[in-house]
Amino acid sequence: MKEKLKIIYMAGGSEYTLNPLKKLLESSHEVVCVYTKKIMPSGRGRKLKRSPLLEFIKLSNLNYRTPINFNSLEENDYIKKLKPDICIVFSYGIILPKKILDVPKSGCINIHASLLPKWRGPAPVQYSLINCETKTGFSLMKMNEGVDTGDIIFKKEIDILNCDNTLTLLNKISKESSRYLIQSIEDYANDKIKIKKQKKSEATFSFKIEKKDTFIKFNESAKSLLGKIRAFFPNPCAKCFIKGEMIKIIEAQIEDERTIFDDYGIILDNYLLVACKIGAIRFTKIQRQGKKAMDAKTALNGWKVKKGLKVNEEKK
């Protein structure tokens, strides 16, 4: 008979973080507490809005905590009193100190959104897309004090399709990792899995996407630009300036991969086809300031953007 595990689940709160929690709740094990991010004011009105995960927690009447960090002895003592066997962490965004990592009997397991040791760090999915890769995946990793340097319990490859962006890939990774989560943690807790050390020599690193990174320039290939547009959706979105107005680029498509343009950043027709250093890219869905996202043709109704106009990466 399988031992019933006492599990803590930690996640930031995005909708894609719900899948692993639901799988844990459907299992024969006990979720003793869910940790998630504290509600913070957001938007223009600075209103408090619950995350999808917190909404689910409330509806399911689950025990939960929202600490800002784990520096207090109180939080450490609380976790110890729960006597957890294992802690599952997914896109939590709060550093777990050694004193917390050491509390669960079988340690803390992170669902990392890449095939480690590739793309360690906070933005693995975005970096896969920025680099125009065709494969990604997830790793179940035993956490240590390093940044994604722990031993691998399980990992699985996932295809990146041409239509994928950060949101669709995170949803895929969430669903696929949830399928293997219960069996993996049961086998791990019962010493049925031989964990693997990561090869340091094969490690690559992702870094936090900064606001300045999302303002696209056209002094590169159309293929590279499309990778960035896919990577930055849904948040914070790729941006550029057209006629002095900041525009969010939601979707785009390559219409020329080979032509070399000496004068790049120029609009080539009346429907937002833009010259890149190599190739040309068409913006197919955009969001103007103060307006909803819409397909480019609709956005251009009453907003004339003519052939020959220069698209600026920075506002003048």
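Here is a short chat about reading helix packing and nonpolar cores in this predicted model.

Reader: Let's start with helix 3. Which of its residues are buried?

Author: The general idea first: an α-helix has 3.6 residues a turn, so residues three or four places apart point the same way. In helix 3 (residues 73-82), the buried ones are Glu75, Asn76, Ile79 and Leu82. They span an arc of only 120° around the axis, so they sit on the same side of helix 3. Over on the other side, Leu73, Glu74 and Lys81 are exposed.

Reader: And what covers the buried residues of helix 3?

Author: The cover includes strand 1 (6-11), strand 2 (30-35), strand 5 (64-65) and helix 4 (98-101). Just past the end of helix 3, Lys83 has a positive phi of about 50°.

Reader: Next, helix pairs. At what angle do helix 1 and helix 2 cross?

Author: The axes of helix 1 (residues 18-26) and helix 2 (residues 52-59) cross at roughly 25° and come within 10 Å. Angles under 35 degrees count as roughly parallel, so helix 1 is roughly parallel to helix 2. Leu18, Leu21, Lys22 and Leu25 of helix 1 meet Pro52, Leu53 and Phe56 of helix 2. That contact has six nonpolar residues, no polar ones and one charged.

Reader: Now the cores. Which residues touch the most other members of the largest nonpolar core?

Author: In soluble globular proteins, nonpolar side chains tend to be buried together. Here the largest core has 66 residues, and Leu24, Ile88, Ile242, Leu272, Ile281 and Phe283 touch the most other members. Helix 6 (residues 166-189) gives the most to this core, with seven residues. There's also a second, separate core of 21 residues, with Phe70, Ile94, Cys108 and Leu116 among them.

Terms used
Residues numbered from 1 in each chain as written. Predicted model: local features only at pLDDT ≥ 70, side-chain atom pairs only at ≥ 80, totals over all residues. Heavy atoms only, no water. Axes fitted to C-alpha atoms, helices over the stretch in contact; angles between N-to-C directions. Helix = DSSP H or I, 4+ residues; strand = E, 2+ residues; numbered from the N terminus. Parallel < 35°, antiparallel > 145°, perpendicular 65-115°, else oblique. Contact = heavy atoms within 4.5 Å. Nonpolar A, V, L, I, M, F, W, Y, C, P; charged D, E, K, R; others polar. Core = buried A, V, L, I, M, F, W, Y, C linked by side-chain atoms within 4.5 Å. Buried < 20%, exposed > 50% of the residue type's maximum accessible area, 1.4 Å probe, protein only. Arc of directions from axis to C-beta.
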